Amino acid sequence: HQPIRLQDYAPPAYLVDETHLCVQIFDDHALVEARLVMRPNPALDKHGALILNAGDEVTLEHIEVDGAAVADPVREGESLILPAISASHFEVRSRVRLLPDQNTRLEGLYRSGGMYCTQCEAEGFRQITPYPDRPDVLSVFTTRVEAPSEYDCLLSNGNPVGMGPLENNRHFAEWHDPFPKPSYLFALVAGVLDCTEDSFTTASGKSVDLKLYTEPHNRHKTRFALEALKRAMRWDEQVYGREYDLDLFMIVAVDHFNMGAMENKGLNIFNSACVLADESSTTDGGFELIEAIVAHEYFHNWSGNRVTCRDWFQLSLKEGFTVFRDSEFTADMHARAVKRMDDVTLLRTQQFAEDAGPMAHPIRPDSYIEINNFYTLTVYEKGAEVVRMLHTLLGAEAFRRGSDLYFERFDGQAVTVEDFVACMAEVSGIDLTQFRRWYEQAGTPRVDVTSEYDVAAQTLTLHFAQSCPATPGQPDKAPFHIPVKLGLLGRQSRLPLSFTTEHSGFDAANQVFSLRAEEDSLVLSDVTEPAVPSLLRDFSAPVVCDYPYSGEDLKLLVIADDNSFNRWSAMQTLATRTLVALVQQAAGEADELRQTLLSATSAVLADGLLDPAVKARILQLPAQAYIAEQYSPVDPLQLDQVHTELRTWLACELAAEWQQVLSATRADEPYRFEHRQAGRRALHLCALAATVLADDSGWQAARELFERADNMTEQQGALRLWSQVANTEWDTAMEQFWQRWKSDAQVVEQWLGICAQRPGMTVAGVNQLMQHEAFSWDNPNRVRSVIGAFVMRNPRGFHAADGSGYRFLADAILKLDGMNPQIAARLCTPFTQWRRYVPAVQAAMQAELERILAPDGLSDGVYEIVSKTLQ
Ligand code: HT7
Ligand code: ZN
């Protein structure tokens, strides 16, 4: 379990100009022949041994250099070491045997149901053929696929260049990808597939064929993704000036997949759950997610594929930038403020916890044991926030010039985050030296703000102090460059106030203060009345911003802030403070906050002008996971109880108002996925949640909705809410739902999730659920739907006082580690917070962590997380 360090980066000794692959698929094995046209890297004086990566799943049958067989190549771990070569050009040929049917790790070439497919990022290509499997080796690929004729679709990257029959009822297809690419972008698919076709004409008039391949029974679920793809293609042209470059763009849906999707050049491979959709079986959340993922993978064609990463430490270069791009796309397609609330919720509830835990790392980590562990919320979501801050600091126009320069200067190259930031600095003239610390320092910074108002001078002075907690390996942090977007709200007038300031760090046009020092003060003049500051508008930086607001200040922001994101944020702060006071049994304070929360909630419920989607989000209490970050030690069962009690109390106190919302938001038109309708449904489900909580017979409203709804959002929403009241009618409805949907894999996954999250679910119950025909250990979606949902979204079940939830999770991790270590490592997440809990919980979790670490042969992935968690 050796760490790899950024500081040890060395350029590749040899380059690969051409990669010619022949992949032959047989019933019980596959053969891969490779011909690599190589040369020593001209940038280096000395070249040393030729080291290829060869994974443990490949059986080497033959290898030769320029026609001379290498009899006994040295194999050390995943390295295949060949003698140094001085020729200016040379060819390496190899032949290996693979067993795709036995590949349960879903990395390299594997079988998913009736098809063969590949997953190469980050280091899966070495499980296909010996190769310099690193992102800074770019090569032009030509791929021949041979398979039994029944597999009618044989696909790979680029353009098709040949196909035809072979002996023994076999056939072949040949593909050529003219764009040099790293091996992690290689892909191959062979299967009996149905193809839905479409086309797109680029801004410069080129016609691109779009093809979405699925297993035949899923053909009816392809339209939405294709439409989303075309929207994304147009958006990337309009907003970034990026056109698609090949004549063909393909997407394939596969059922067994470790993550959401993969941006292989010209041949994206998707988890079926992240691409297949139709109006009867997909929820509003599902549609939005699919649209975002389709766009994300498409956007990688430039941010990741045409310009790629020099090494895996630079992962956020492509992922942070691409998440920023997909998030802006969604904001433009639907509602900007709502998208911001959803993104910030994810960041605050999960990424902040990661940043405060034992796996905390900068968005550019400086070491890793298993790179798959670093596809994290920090690299993706915080990485996107860092790009967003650049966008805020530069403004849209300069940011676009920076991205144009980046794509133009580095097209066809493998680069670093410094290269990206340097382009942004060059076009804007802004000194981003200090800003680069965002890439280097882990942890969530805090910005503490206080203020004083001088009535006579009409000045409001804001005092800022920034700090950042210590994280593993980084005890002290240097100050960050933090853009704080702000506004003022008059305490009496309840109106936005204008102001002026002389501070050179204040961008008046955008109302953004650049906080660079550890402490700084901003004097705002012409402030005509006492004001409540509205800080960190639109979440202008990924920080915790604290100001000593009174409950009434927060209520004023909730009701009257002209920044709708901050209305939501103020409500989150008010609810968080209330919950923390309740948990800590701070009686007087808790009661006062609770009353203020009640009256703010009532005002929001009565606001007829609010977008229902915004209203639904404002009315949602922050998740328990977020509250658990605010204090320690946490008793998870007590937190769950307090959270439920507060929701119930608000539901009972405002029962009449909720009833009104419930009837006002009933569907009055057939289902369509669009913002206005989705907002209405979200609010309807909020009101239904209150109804179920407030009244013993409230579950009947859930049953009524389940029976009436013409769509999956409301049917599933109703089933989830109704599940809080365990009754036989619910069991019957779940059985009915199962019978209706059991042949739809995506709905079955949702159904399993509802079962696993049901209040009252125990380990015994989950074990029983895992005997159900719908569960399978070798399908990551099913594992996530049952085990993931139970341990991450069922606090009462997972944290059962007898420790059974922790034992269950440790057993699952150990079992999965031998099958699919990536999935096993992801499941370790709930244990990483163990030190935040009360002593009894800590002791029980620690014992399980030690049990996981005990056996020999643990994967790097699980070892890294568990050992760092115990440190
Ligand atoms: N770039 C991809 C990340 C990825 C992945 C995808 C599927 C299976 C395994 C994987 N390992 C890494 C997905 C993305 O961010 O677009
Ligand atoms: Zn990505």
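These are my notebook entries on a predicted model of a protein chain with a ligand.

**Ground rules**
Residues count from 1 along each chain as its sequence is written, and chains are lettered from A and ligands numbered from 1 in the order in which they are written. Since this is a predicted model, local features need pLDDT of at least 70 and side-chain atom pairs count only at pLDDT 80 or more, while totals for chains, interfaces and linings use all residues.

**Confidence**
I checked pLDDT, the predictor's confidence in each residue from 0 to 100. The protein chain has a mean of 98, and 100% of its residues reach 70 or more. I noted ipTM 0.98 and pTM 0.98 as well.

**Ligand 1**
Which residues come nearest to ligand 1? I found Gln119, Glu121, Asn258, Met259 and Met262, out of 13 residues around the ligand; a residue is near if its C-beta atom, placed from the backbone, lies within 6 Å. The shell splits into five nonpolar, four polar and four charged residues. Here Ala, Val, Leu, Ile, Met, Phe, Trp, Tyr, Cys and Pro are nonpolar, Asp, Glu, Lys and Arg are charged, and the others, Gly among them, are polar. Strand E20 (261-262) and helix H2 (284-299) each give the shell at least two residues. Helices (H or I, at least four residues) and strands (E, at least two) are DSSP runs, numbered from the N terminus.

**The sheet with E10**
I traced an open four-stranded sheet in the order E10-E11-E16-E13, with antiparallel pairing; two strands pair if DSSP finds at least two bridges between them. E10 and strand E13 (153-156) are the edges, each with a single partner strand, so one side of each has no neighbour in the sheet. The twist averages 15 degrees from one strand to the next, where axes are lines fitted to C-alpha atoms (for helices over the stretch in contact) and angles run from 0 to 180 degrees between N-to-C directions.

Is E10 (residues 108-112) enclosed or open? Five of its five residues are buried, so the rest of the structure largely encloses E10. Buried is 20 or more other C-beta atoms within 10 Å of a residue's own, exposed is 12 or fewer, and partly exposed is in between, with C-beta atoms placed from the backbone.

E10 pairs with strand E11 (residues 115-119) over five antiparallel bridges, and leucine 109 sits opposite threonine 118. The two strands make a hairpin with two residues between them, and glycine 113 in the turn has a positive phi of about 55 degrees. On to E16 (residues 188-191): two bridges join this strand to E11, with tyrosine 116 partnered by alanine 190.

I looked for cis peptide bonds and noted one from glutamate 121 to alanine 122, omega near 0 degrees. Alanine 122 is in the loop between E11 and strand E12 (139-148). Another cis bond joins serine 632 and proline 633, in the loop between helix H13 (624-627) and helix H14 (636-653) for the proline 633 side.

Next came positive phi outside glycine. Asparagine 169 has about 60 degrees and lies in the loop between strand E14 (159-166) and strand E15 (170-181). With 9 C-beta neighbours inside 10 Å, asparagine 169 counts as exposed. Glutamine 585 has phi near 50 degrees, and its 10 C-beta neighbours inside 10 Å make glutamine 585 exposed too.
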